[in-house]
Amino acid sequence: MEAQVQKLFERYEQLFQKSLAGGADMDEVASVYASAFIAASPTGVMVGKNDDQLKQAMEQGYAHYRAIGTKAMRKRDVRISPIDEHHCVAHVAWTATYARKGQPDVTIDFDVHYLVQKLGGEPKIFGWVSGDEQEVLRKHGIG
């Protein structure tokens, strides 16, 4: 399963890059997620379904990333913690690059911990735990 999860996050990174360029298909982006998911951060816990509302939220999210100057999102590392034969936690280290008006670009390193399930076909993301993204962006003068 580890090789498949590594491939999942290679694809995830490629889709994110396409989305930053305004060229990703939200059906394709949604295909990396399970039918339902949970997300946790210091702002609370959210649950959702992989439906048209998710695709619309993702489209708006990518538009926001473009608006605040996000130029690139690159994964530095993916470390897998197996749970059982169908589940793992993928600890993904990311580096984001942002353009800032009248200032040099800034890069920010951060980690997100994804819950991944593999039942039959390809592994799917069914949850994630992340830090306070808005606070980190504020500290770097972005947004």
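Q: Buried means under 20% relative accessible area, exposed over 50% and partly exposed in between, with a 1.4 Å probe and protein chains only. By that rule, is G127 buried or exposed?

A: G127 is buried, because its relative accessible area is 0%. The model is predicted, so local features need pLDDT of at least 70 and side-chain atom pairs count only at pLDDT 80 or more, while totals for chains, interfaces and linings use all residues. Residues are numbered from 1 along each chain as its sequence is written, and side-chain values use heavy atoms, leaving out hydrogens and water.

Q: Good to know! Where does G127 sit?

A: G127 is in strand β6. Strands (E, at least two residues) and helices (H or I, at least four) are DSSP runs numbered from the N terminus.

Q: And which residues does G127 touch?

A: Setting aside residues up to four places away in sequence, G127 touches F37, I38, H113, Y114 and L115. Contact means heavy atoms within 4.5 Å.

Q: I see I38 in there. Which residue in β6 is the bridge partner of I38?

A: That partner is G127 itself. Their strands, β1 (residues 33–41) and β6 (residues 124–130), pair in the parallel sense over four bridges. Two strands pair if DSSP finds at least two bridges between them.

Q: Which residue in β2 does I38 stand opposite?

A: In β2, I38 stands opposite V47. The pairing of β1 with β2 (residues 44–49) is antiparallel and has six bridges.

Q: How many residues lie between β1 and β2 in the hairpin?

A: The hairpin formed by β1 and β2 has two residues between the strands.

Q: Let's zoom out to the sheet. What order do the six strands have?

A: The order is β2-β1-β6-β5-β4-β3, in an open sheet with mixed pairing. At the edges are β2 and β3 (70–82), each pairing on one side only. From one strand to the next, the twist averages 20 degrees.

Q: How many bridges are there between β3 and β4?

A: There are 11, with β3 and β4 (residues 87–100) pairing in the antiparallel sense. Along that pairing, S81 stands opposite V89 in β4.

Q: Changing topic: what about the helices, at what angle do α1 and α3 pack?

A: Helix α1 (residues 2–20) and helix α3 (residues 52–67) pack at about 65 degrees, and their axes are 9 Å apart. Axes are lines fitted to C-alpha atoms, for helices over the stretch in contact, and angles run from 0 to 180 degrees between N-to-C directions.

Q: Which residues meet there?

A: From α1, F16, S19 and L20 meet Y62, Y65 and R66 of α3.

Q: And which strands does α1 lie across?

A: Helix α1 lies across β1, β3, β4, β5 (103–117) and β6, and runs at about 165 degrees to β3.

Q: Nice, then let's look at β5. Is V116 buried or exposed?

A: V116, which is found in strand β5, is buried, with a relative accessible area of 0%. Not counting residues up to four places away in sequence, V116 touches V5, L8, F9, H86, H87, C88, A90, P123, K124 and F126.

Q: What about Q117, how much relative accessible area does that one have?

A: Q117 has 24%, so it is partly exposed. Q117 is also in strand β5. Apart from residues up to four places away in sequence, Q117 touches H86, H87, E122, P123, K124 and F126.
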